[in-house]
Amino acid sequence: MKAFTAALIAVAILYLADSQYNDGRYTQVLQQAVTSLLPG
């Protein structure tokens, strides 16, 4: 459970850093990749 919590915290920090410094570009790319893999 500690590893899962640490992973969530790391993702949150990376998301905030991306939003602050890169205008969310990497988050948009990741979101597009995930949605293209999902059926529907």
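In this predicted model, Asp-18 touches Asp-23, Gly-24, Arg-25, Tyr-26 and Thr-27, when residues up to four places away in sequence are left out of the count. Asp-18 itself is found in helix α1, which covers residues 2-21, and the secondary structure of the chain as a whole comes to two helices and zero strands. The points below take up the overall chain, then each helix, and then some individual residues.

**The chain as a whole**

- Along its principal axes, the C-alpha trace of the chain spans about 35 × 25 × 10 Å.
- The chain has 40 residues, and buried residues make up 5% of them.
- The accessible surface of the chain comes to about 3,800 Å², and carbon and sulfur atoms account for 68% of that surface.

**Helix α1 and what follows it**

- Helix α1 has 20 residues, and the distance from its first C-alpha to its last is 28 Å, which is close to the 28 Å expected at 1.5 Å a residue.
- Just after α1 comes Asp-23, which takes a positive phi of about 55 degrees, and Asp-23 is also one of the residues that Asp-18 touches.
- Phe-4 is found in helix α1, and together with Met-1 and Leu-8 it forms a nonpolar patch on the surface, where the three residues have about 390 Å² of accessible area together.
- As a general point about such helices, residues three or four places apart point the same way, because an α-helix has 3.6 residues a turn.

**Asp-18, a buried charge**

- Asp-18 is buried and yet has no salt bridge, and the nearest side chain of opposite charge belongs to Arg-25, at a distance of 6.3 Å.

- Helix α2 lies largely in the open, because the number of buried residues among its 13 is zero.
- Leu-30 is found in helix α2, which covers residues 25-37, and Leu-30 counts as exposed because its relative accessibility is 55%, where the cut-off for exposed is over 50%.
- Leu-30 and Leu-14 are 16 residues apart along the chain, and their C-alpha atoms are separated by 12 Å.

Terms used
Residues numbered from 1 in each chain as written. Predicted model: local features only at pLDDT ≥ 70, side-chain atom pairs only at ≥ 80, totals over all residues. Heavy atoms only, no water. Helix = DSSP H or I, 4+ residues; strand = E, 2+ residues; numbered from the N terminus. Buried < 20%, exposed > 50% of the residue type's maximum accessible area, 1.4 Å probe, protein only. Lys, Arg positive; Asp, Glu negative; His and termini not counted. Salt bridge = Lys/Arg side-chain N within 4 Å of Asp/Glu carboxyl O. Contact = heavy atoms within 4.5 Å. Expected span 1.5 Å × (residues − 1). Patch = residues over 30% accessible without salt bridge, like charges linked within 9 Å, V, L, I, M, F, W, Y side chains within 5 Å. Areas by Shrake-Rupley, 256 points an atom, 1.4 Å probe, with all protein chains shown as cover.
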